[in-house]
Amino acid sequence: MSSINQSGNFTLGDRTVRRLGYGAMQLAGPGVFGPPRDKAAALAVLREAVASGVNHIDTSDFYGPHITNQLIREALHPYRDDLVIVTKISARRGEDGSWVPAMSPRELTQAVHDNLRNLGLDVLDVVNFRSMLGIHGPAEGSIEEQVTVLAGLQQQGLVRHIGLSNVTPAQIAQGRNICKIACVQNHYNLAHRDDDALIDDLASEGVAYVPYFPLGGFSPLQSSTLSAVAARLGATPLQVALAWLLQRAPNILLIPGTSSVAHLKENLAASGMVLPEDALRELDSMESAGPH
C-alpha cells in the first residue's frame with residue numbers, strides 16, 4: 001500500500017495534518033444510531049487508521065449519540081501528540097434516531113462538555129458549528145449567536161479552533177467577523193460541486209475545506225464515467241473519487257469513513273494515486289453531464 005504521506009499535508013488551525021484522514025460516523029450502528037454491530041471491528045479500524053499514519057479524525061458526540069467518541073477514547077487514548085480530533089456540535093438525537101437541532105447557547109455549551117468528557121480531553125482541537133438552519137444542506141440565516149457562544153468557549157480554553165459546517169459564503173463571512181475560522185466542512189464530491197468557487201476562495205486564504213460525504217455518503221457514487229476511468233487505471237471507483245478530490249485543491253482535507261479495515265486500507269491507498277490529465281478531463285465533465 002502507498003504511504004499516506006503521499007497525500008501531502010495542510011494546516012488545520014495551528015496543526016499540520018495529512019490530507020487523507022478518517023471520518024468516524026460509520027462506527028455507530030445503523031443510521032448512525034446506537035452501538036456498532038461489531039465493537040471489536042470498530043476499535044480495530046480506529047487503531048489501524050492511526051497506525052497507518054492518519055492524524056486527523058472527524059467525529060461528533062451526536063454520532064450514536066456518544067458512541068463514536070467513546071470508541072475513539074477506548075481505542076486511542078492516551079492520544080498520540082500529532083493526532084488532531086475534530087468534532088461538531090448543534091444537533092441531538094431523538095429517541096427514534098432523528099436529528100434534532102440543538103443550537104441554543106445552553107445546548108452548544110453542553111455539547112462541548114459532552115465531547116470533552118466522552119473523548120477524555122481537557123480541550124478540543126477543533127469544534128465545527130454545523131448549521132441546522134437547513135438539515136440536508138446550507139440555508140441562509142444568522143449564525144452570530146452560535147459562533148459567539150463558541151468563541152466564548154474558546155476564550156475559556158475549552159476549544160482551540162472553530163470551524164463551520166453546512167454553511168453558505170455569507171455565513172462564513174459572518175463567522176469571520178466574530179473569530180478566526182479554521183476550516184469549512186460542507187457537502188462536496190465528484191458529483192456534487194456547488195462549492196467550487198468557495199473552495200478556491202478558501203484555498204487562496206489558506207483555510208482548510210473538508211468535504212463530507214466525499215464518496216457519496218450512504219449511497220456510494222455511481223457513474224459509468226467514474227467506473228471506466230477506474231478500470232483503465234486499475235483502481236476502484238472510490239479510490240479514483242478520493243484521488244480526484246486530492247488533486248482538486250491543495251486545501252481539501254479528506255475524511256472518508258468506513259467500519260471495515262479492508263475498506264480503510266483501500267481508501268488510504270488513494271493517497272498514492274496521481275490521475276493523468278485525460279482522466280481528470282473525463283471526471284471534470286461528469287458535473288455538466290449529470291449523474292449517469
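Predicted model: local features only at pLDDT ≥ 70, side-chain atom pairs only at ≥ 80, totals over all residues.
Reader: In what order do the seven strands of the open sheet follow one another?
Author: The pairing within this open sheet is parallel. Its edge strands are strand 3 (22-23) and strand 11 (208-209), each of which pairs on one side only. Read across the sheet, the order is 3-4-5-8-9-10-11.

Reader: In strand 9, which residue is the bridge partner of Val127?
Author: Strand 8 (residues 124-130) and strand 9 run parallel and are joined by six bridges. In strand 9, the partner of Val127 is Ile162.

Reader: How many of the seven residues of strand 9 (residues 159-165) are buried?
Author: A residue counts as buried when its relative accessible area is under 20%. Strand 9 is largely enclosed by the rest of the structure, because the number of its seven residues that are buried is six.

Reader: Is Asn166 buried or exposed?
Author: Asn166 belongs to the loop between strand 9 and helix 5 (169-176). Beyond its neighbours within four places in sequence, Asn166 has contacts that include Arg130, Ser131, Gly134, Gln185 and Tyr212. The relative accessibility of Asn166 is 1%, and the residue therefore counts as buried.

Reader: What is the relative accessible area of Leu198?
Author: Leu198 sits in helix 6 (residues 196-204). Leaving aside neighbours within four places in sequence, the residues in contact with Leu198 are Ile172, Val184, Asn186 and Tyr209. Leu198 is classed as buried, its relative accessible area being 10%.

Reader: In strand 2, which residue is the bridge partner of Phe10?
Author: Strand 1 runs antiparallel to strand 2 (residues 15-18), and four bridges join them. The two strands form a hairpin with two residues between them, and Gly13 in the turn has a positive phi of about 65 degrees. Within strand 2, Phe10 is paired with Val17.

Reader: Which residues make up the covered face of strand 1 (residues 9-12)?
Author: In a regular strand, side chains alternate between the two faces of the sheet. Strand 1 has an uncovered face formed by Asn9 and Thr11. The covered face consists of Phe10 and Leu12.

Reader: At what angle do helix 2 (residues 67-76) and helix 3 (residues 105-119) pack, and how far apart are their axes?
Author: Two packed helices are described by the angle between their axes and the distance between the axes. For helix 2 and helix 3 the angle is about 35 degrees, and the axes are separated by 8 Å.

Reader: How do the residues of the contact of helix 2 with helix 3 divide into nonpolar, polar and charged?
Author: Helix 2 contributes Asn69, Gln70, Ile72 and Arg73, and helix 3 contributes Asn115, Arg117, Asn118 and Leu119. By class, the residues of this contact are two nonpolar, four polar and two charged.

Reader: What is the omega of the cis peptide bond that joins His77 and Pro78?
Author: Most peptide bonds are trans. Cis bonds are found here between Gly64 and Pro65, with an omega of about -10 degrees, and between His77 and Pro78. Pro65 lies in the loop between strand 4 (56-58) and helix 2, whereas Pro78 lies in the loop between helix 2 and strand 5 (84-89). For the bond that joins His77 and Pro78, omega is about 0 degrees.

Reader: What is the positive phi of Val32?
Author: Most residues other than glycine have a negative phi. Val32 is located in the loop between strand 3 and helix 1 (39-51) and is buried, at a relative accessible area of 4%. Although Val32 is not a glycine, its phi is positive, at about 60 degrees.

Reader: As what does Phe213 count at 26% relative accessibility?
Author: Phe213, in the loop between strand 11 and helix 7 (224-233), has a positive phi near 55 degrees. Buried residues fall under 20% relative accessible area and exposed ones over 50%. At 26%, Phe213 therefore counts as partly exposed.

Reader: What is the radius of gyration of the protein chain?
Author: The chain contains ten helices and eleven strands. The globule rule gives 19 Å for 292 residues, and the computed value is close to this, so the chain is as compact as a globular protein of that length. The radius of gyration is 18 Å.

Definitions and conventions
Residues numbered from 1 in each chain as written. Heavy atoms only, no water. Axes fitted to C-alpha atoms, helices over the stretch in contact; angles between N-to-C directions. Contact = heavy atoms within 4.5 Å. Nonpolar A, V, L, I, M, F, W, Y, C, P; charged D, E, K, R; others polar. Buried < 20%, exposed > 50% of the residue type's maximum accessible area, 1.4 Å probe, protein only. Pairing = 2+ DSSP bridges. Rg over C-alpha atoms; globule rule 2.2 N^0.38 Å.
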